[in-house]
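Subject: Structure handover

Hello,

Here is the structure I said I would pass on. My notes on it follow below.

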Amino acid sequence: MKLVKNNAGRFVPTEVNGQKQIPFKGIDKFKPTGSKAKPLIRTCIDYPKNGNKIVKDLKTALKKAGLKDGMTISTHHHLRNGDIVTNILFDTIKEMKVKNIRWFPSASFPVHEHLIKYLEDGTIHHIEGSMNGPLGKFTSEGKMKGVGVLRSHGGRYQAIQDGEVHIDIAVIAAPASDSFGNANGVQGKSACGGLGFALADSEYADKVIVVTDNLVPFPCVPWQIQGNNVDYVVQVDSLGDPSKIVSGTTEITKSPDRLLIAKYIAEFMEAAGIVKNGFSFQAGAGGISLAFIPFLKEKMKALGVKARFVRGGSTKYLVELLKEGLTDYILDGQTFDLEGVRSMRENTSHIMTSPFTSYNFHGKGNFASIVDAAILGATEVDINFNANVVTHSDGYLLHGIGGWQNCLYSKCTILAVPSFRDRIPVIVDEVTTLCGPGELIDVIITERGIAINPLRKDLIKAVKNSSLPIRSIKEIQKEVYEICGGAPQKPKVDKNKVVAIVKWVDGTVLDSVYRVI
Amino acid sequence: MKAKIKIGKAGKHGDKVRSDCHVVLELTGSGGIKTKIQSKVSALYGQSIKNLILKMCDFFEIKNAKITLEDNGALPFTLAARFEAAYKQINPDDSKEFLLPMNKKNLNASSKDQLRRSRLYLPGNEPKFFPNAGLHKPDGIILDLEDSVAPSEKNAARFLVRNALRSVNFYDAERMVRINQLPLGLEDLRFVIPHNVNVILIPKCESSDTIKQVEEEINIIKAEKNLSDEIYLMPIIESALGIVKAYEIASSSDKICALTIGLEDYTADIGVERTNEGKESLFARSTIINAAKAAGIQAIDSVFSDVEDLEGLKISTLEAKALGFEGKGCIHPRQINVVHEAFKPTEKEIEKAKKIVLAFQEAEKKGLGVVSLGSKMIDAPVVKRAQRILSLVNNK
């Protein structure tokens with residue numbers, strides 16, 4: 001495999017899985033021209049006049065959809081770790097003796113460990129999406145037949161629109177659907193929130209199959225997925241384990257060290273002048289990017305300030321802001337707990353968004369760059385503010401990119417991370433895998449101090465007179481290495497064997513992930 | 001003839017262990033050093049871990065041994081402490097100590113009337129709590145060798161606490177160690193006195209004799225090691241008899257910086273339940289305050305044990321302040337801010353203190369021996385208290 005050095009100084013292949021690749025050219029430096037991919041012309045006369053698209057089972061649907069070797073099949077991660085639909089889908093494909101599938105999920109979860117046997121026996125050729133947990137380990141050990149492709153949620157939309165990924169069959173698991181294929185995620189025992197991640201697939205795939213465990217009479221409203229894009233509807237007993245689809249309640253971390261970071265985030269946002277009437281921010285679902293919300297809320301109340309909108313990852317903590325009138329809207333990409341699902345179902349100010357509205361590179365703008373502050377995590381951040389979210393310091397793939405890359409475009413991007421975990425430095429001299437270029441990352445907040453990107457002179461000036469522990473990133477990194485016992489060894493990898501590539505939001509290749517020895 | 005022990009074990013293992021390790025050291029007759037290392041961080045620090053072990057074998061002149069290490073991300077100070085604890089089980093009489101370099105950030109000395117609003121207890125055998133303890137900005141941290149350490153772990157904890165005092169940056173917190181009850185506590189001193197400890201907490205004090213023994217042992221060690229920084233003492237009174245002897249204890253040494261009380265043991269001793277309101281210990285706490293003030297030292301309150309109840313902690317701390325206490329023990333970082341807030345002087349107190357200090361400065365400038373504010377004469381202790389209040393304002 002031929003590797004070239006890209007604009008970020010990382011070595012990347014120019015061809016992957018038989019497709020030509022463009023090396024990263026710099027932030028906002030690549031602008032493809034021409035036309036977007038176009039779906040085939042359909043006519044309503046080919047579909048049942050009574051609107052009933054129900055077929056007997058998934059196998060029948062796949063057969064009718066013309067499943068064959070080498071196709072691209074897409075799935076979505078609304079059901080998170082409770083998903084059984086994807087596993088059953090590939091059991092069925094295996095049973096139909098079809099091989100070499102390109103699996104195109106919006107994300108994968110540990111529950112998909114089930115698919116390793118299909119990666120081994122050639123049912124699945126490779127994954128383009130995310131390779132989490134066991135799938136990440138499998139990929140990192142060089143066992144996948146093809147090369148993995150990691151994309152952000154926005155990048156996934158871009159790849160579909162660019163025609164880089166043509167979806168043959170999209171399988172959309174829907175907690176509620178009618179026989180026409182109108183579907184949503186807010187009703188039924190498997191309710192998960194919005195189905196935004198499946199939007200592009202429903203519009204661009206050749207064939208679209210909706211799988212539901214909650215068939216309702218026409219019309220199924222709201223139709224987050226429009227039945228007009230759907231070919232077949234399959235009814236099943238269950239989409240998966242509801243307790244793993246959304247958590248009952250989301251609890252904030254009790255770790256005093258994480259809470260300290262969360263407190264610093266709120267204090268920084270206040271000191272930097274971000275917390276003012278009509279402001280906006282993006283929160284996450286786990287750990288610190290959730291824990292800062294109560295601290296921020298206290299400040300908003302004390303200052304008498306209200307947000308115009310907040311972006312989630314919604315949880316009961318964002319819902320409380322909405323209920324208490326501290327924000328006008330929740331613009332929700334993904335719903336993480338029952339309270340979030342309930343709110344999206346009942347509150348018209350709790351709006352489902354999709355990667356198209358939020359993140360898409362080929363839109364006429366997107367929401368990500370309108371947000372005043374985004375609070376995100378990372379597995380590693382280096383002294384040039386570059387960050388990694390997909391591999392751990394030992395070189396193993398462990399997480400997907402999610403919306404992380406897209407959120408870096410916010411007006412103030414804050415990475416909130418512990419400076420080390422056990423004996424694993426998080427603030428390092430150079431990231432193992434580059435997922436986010438430092439020029440888009442403004443602030444690093446750790447329990448050992450806050451580092452502001454020297455490019456952001458405005459932020460440095462704004463917080464100059466605060467009592468916040470502002471330090472240089474190098475100083476924090478040096479202290480971390482002292483605590484951990486020196487610079488860590490670099491992971492042992494085979495630089496000749498690329499197991500996955502990391503795409504930038506524009507479709508160019510930002511970095512390579514290598515086989516771990 | 002007594003069979004000689006050949007195997008030493010120290011540390012923790014299991015799924016839930018974080019930032020710690022377990023070492024099994026077996027001295028063998030031949031075959032050189034054989035290591036079996038299983039570490040969560042082997043990809044990052046595998047070589048560093050092995051090097052440390054070999055260095056320690058060399059230091060203790062171990063030529064032939066089987067060493068099994070199960071590591072869950074222990075920092076070097078922990079690894080070294082576990083290895084040495086295992087080794088000293090086999091060779092307790094070896095007086096050599098494997099000391100890591102002293103962290104230069106930990107060289108600062110303390111003063112007798114240091115601010116001691118909060119002191120955070122850290123169980124002496126739980127290394128995972130050490131590195132970040134100082135970040136929560138307690139006035140002091142206490143590495144505890146006493147009640148939070150199981151009897152079987154006492155020895156291992158000593159090595160860990162010693163190494164922590166040398167290696168872990170506790171930022172600007174005063175470094176305290178709670179030793180065991182005597183006579184065990186006297187042995188503990190050897191492990192901490194030479195390593196920049198600022199204050200020794202002496203549990204279950206019932207007489208001035210206890211203080212004398214500790215002071216004497218400290219002086220011996222200081223002379224041996226040629227140490228000059230002051231090491232202060234904080235006796236903890238935890239019994240009815242101790243309360244009766246409070247003043248005797250408080251005034252038994254000029255190294256005593258503060259007197260404090262342990263209410264769990266005290267209430268047990270007088271045979272009552274401990275309550276949040278604390279009526280049952282009012283006499284004892286008032287006695288502590290009175291004895292401390294009479295001896296010219298600080299009075300410090302017990303811990304508040306319900307870590308979830310921050311409102312209760314606030315009420316309890318405000319009450320402690322009103323009684324005359326100047327500090328409170330903390331068993332969780334989240335308690336620190338609440339305690340500091342409660343001890344923060346009120347606006348009224350600050351205004352008054354400013355006037356007093358100003359009057360004092362004026363009088364000094366004019367060379368007057370007597371300070372007066374309006375028609376009132378102001379005594380030296382009042383000035384001192386006012387200065388203290390202002391120092392609290394500046395000390396967030």
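**Helix α4 of chain B**

Helix α4 of chain B, residues 154-167, has 14 residues and runs 20 Å from its first C-alpha to its last, close to the 20 Å expected at 1.5 Å a residue. Before going on, please note that this is a predicted model.

Is α4(B) mostly covered or mostly open? The helix is mostly covered, with 11 of its 14 residues buried. The buried residues are B:A156, B:A157, B:R158, B:F159, B:L160, B:V161, B:R162, B:N163, B:A164, B:L165 and B:S167.

**Helices α1 and α2 of chain B**

Two packed helices are described by the angle between their axes and the distance between the axes. For α1 (residues 42-59) and α2 (residues 76-90) of chain B, the axes come within 11 Å and cross at roughly 40 degrees. The crossing of α1(B) past α2(B) is right-handed.

On the α1(B) side the contact involves B:I49, B:L52, B:I53 and B:M56, and on the α2(B) side B:P76, B:L79, B:A80 and B:F83. By class, this contact has eight nonpolar residues, no polar ones and no charged ones. An α-helix has 3.6 residues a turn, so residues three or four places apart point the same way.

**Chain B as a whole**

Chain B has 14 helices and 14 strands. Its radius of gyration is 24 Å, close to the 21 Å that the globule rule gives for 396 residues, so chain B is as compact as a globular protein of that length. The C-alpha trace of chain B spans about 90 × 45 × 45 Å along its principal axes. Of the 396 residues in chain B, 45% count as buried. Among the contacts in chain B with a separation of 6 or more, 72% are between residues 24 or more positions apart.

**Backbone points to check**

Two residues of chain B other than glycine have a positive phi:

- B:S19 has phi near 55 degrees. This residue is in the loop between β1 (7-11) and β2 (21-27) of chain B. B:S19 counts as buried because 21 other C-beta atoms lie within 10 Å, and the cut-off is 20 or more.
- B:K204 has phi near 50 degrees. This residue is in the loop between β8 (199-202) and α6 (208-225) of chain B. B:K204 has 21 C-beta neighbours inside 10 Å and so counts as buried.

In chain A, there are cis peptide bonds to look at:

- The bond joining A:F218 and A:P219 is cis, with omega about 0 degrees. A:P219 lies in the loop between β13 (207-212) and β14 (232-235) of chain A.
- The bond from A:V221 to A:P222 is also cis, with omega near -5 degrees. A:P222 is found in the loop between β13 and β14 of chain A.

**Contact between the chains**

How many residues does each chain bring to the contact? Chain A contributes 17 residues and chain B contributes 22 residues. On the side of chain A that touches chain B, α8 (256-271) and α15 (473-484) of chain A each supply at least two residues. The largest share of that side, three residues, comes from α8(A). By class, the chain A side has seven nonpolar, four polar and six charged residues.

Regards

Technical notes
Residues numbered from 1 in each chain as written. Chains lettered and ligands numbered in written order. Predicted model: local features only at pLDDT ≥ 70, side-chain atom pairs only at ≥ 80, totals over all residues. Contact = placed C-beta atoms within 7 Å. Helix = DSSP H or I, 4+ residues; strand = E, 2+ residues; numbered from the N terminus. Nonpolar A, V, L, I, M, F, W, Y, C, P; charged D, E, K, R; others polar. Axes fitted to C-alpha atoms, helices over the stretch in contact; angles between N-to-C directions. Left-handed = near helix turned anticlockwise from the far one by under 90°. Buried ≥ 20, exposed ≤ 12 C-beta atoms within 10 Å, placed from the backbone. Expected span 1.5 Å × (residues − 1). Rg over C-alpha atoms; globule rule 2.2 N^0.38 Å.
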